[in-house]
Amino acid sequence: MLAPLKITFELAEPMVPSAYPIHLDALTAYAVTRQRLAQIGEDELSDDSIRALANDLPFGKAERDGEWVWQASALIPEEVGEQAIRMWTRKTNTQDYANRVADGTLLVGARTKNALAAGVRFTGNIDTARGLLKNQFDFYPVVSISALSAWCIGDIDELEALLPPESGLLTHIGKRARIGHGRIRSIRIEHAEEATDKWRLRVLPWQESPNYLPIQAAFRPPYWAAENRGMAFVPSEL
């Protein structure tokens with residue numbers, strides 16, 4: 001049964017801020033997709049088939065002027081703390097490549113056909129300026145946020161099965177999750193009548209009020225898909 005809900009994500013680690021709002025339906029679609037892939041496998045599924053796994057989400061729909069969105073807001077920080085810059089590096093392991101040259105498993109400058117004939121697995125020049133072996137030295141911002149809140153018209157039972165980090169389906173929010181950023185400590189889902197209106201704190205395909213500003217963005221998951229982007233409107237507080 002659908003009901004107005006507030007969902008609070010408590011974070012254990014700083015997160016990498018996003019240029020666009022992060023929506024609750026995007027996180028839920030990710031969790032649903034992971035759950036269903038675990039059940040059926042993905043070996044024989046096309047990209048379109050994988051996307052279709054999240055066509056049915058536990059939210060209500062709002063429709064206007066031939067468009068529709070899930071009734072799920074973007075995530076709103078409850079308290080923004082320290083902002084900082086982190087450094088990320090990746091160095092080419094020159095000693096490893098020197099050892100490979102020395103023992104004959106890598107021929108620098110060798111032609112592929114000659115290398116294959118000789119049974120050599122690694123070929124070609126070592127390029128540290130581009131590609132997989134590129135030396136990296138980069139900076140990125142992080143922000144300490146104690147909690148993120150979202151509002152929706154949703155099914156509390158389904159959301160409680162999908163979203164808690166102990167389910168293993170959704171464990172981080174934002175980029176660079178592999179190195180721990182945005183790790184979710186816990187979530188809280190509760191009934192909240194204000195969600196009847198607050199789910200609209202999101203990107204919409206129509207202008208809900210003069211406070212909504214035009215933007216080129218997606219308004220349904222997957223938000224990263226270029227073909228989903230178009231004219232939309234976002235509340236100024238986002």
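With a relative accessibility of 44%, Glu78 counts as partly exposed, a class that lies between buried (under 20% relative accessible area) and exposed (over 50%), computed with a 1.4 Å probe and protein chains only. The model is predicted, so to speak of local features takes pLDDT of at least 70 and side-chain atom pairs count only at pLDDT 80 or more, while totals for chains, interfaces and linings use all residues. Residues are numbered from 1 along each chain as its sequence is written, and side-chain values use heavy atoms, with hydrogens and water left out.

Glu78 forms a salt bridge with Lys6, with 3.7 Å between the closest N and O atoms; the term requires a side-chain nitrogen of Lys or Arg within 4 Å of a carboxyl oxygen of Asp or Glu. This pair links distant parts of the chain, 72 residues apart: Glu78 lies in the loop between strand S4 (76-77) and S5, and Lys6 in strand S1 (residues 2-11). Helices (H or I, at least four residues) and strands (E, at least two) are DSSP runs, numbered from the N terminus. Lys6 counts as buried, at 18% relative accessibility.

The whole structure holds ten salt bridges. Among them is that of Glu227 with Arg51, whose closest N and O atoms are 2.6 Å apart. Here, too, distant parts of the chain are linked: Glu227 is in the loop between strand S11 (212-218) and strand S12 (229-235), Arg51 is in helix H2 (residues 47-52), and 176 residues separate them. Glu227 is exposed at 54%, whereas Arg51 is partly exposed at 30%.

Turning to the aromatic rings, a search of the whole structure finds one pair. It is edge-to-face because the rings of Trp68 and Trp70 have their planes at 90 degrees, with centres 5.1 Å apart; rings of Phe, Tyr and Trp (its six-membered ring) pair if their centres lie within 6.5 Å, with planes under 30 degrees apart counted as stacked, over 60 as edge-to-face and the rest as tilted. Trp68 is partly exposed at 24%, while Trp70 is buried at 4%. The charged end of Lys61 sits over the ring of Trp68, 4.1 Å from its centre, and also over the ring of Trp70, at 5.3 Å; this requires NZ of Lys or CZ of Arg within 6 Å of the ring centre and within 35 degrees of the ring normal.
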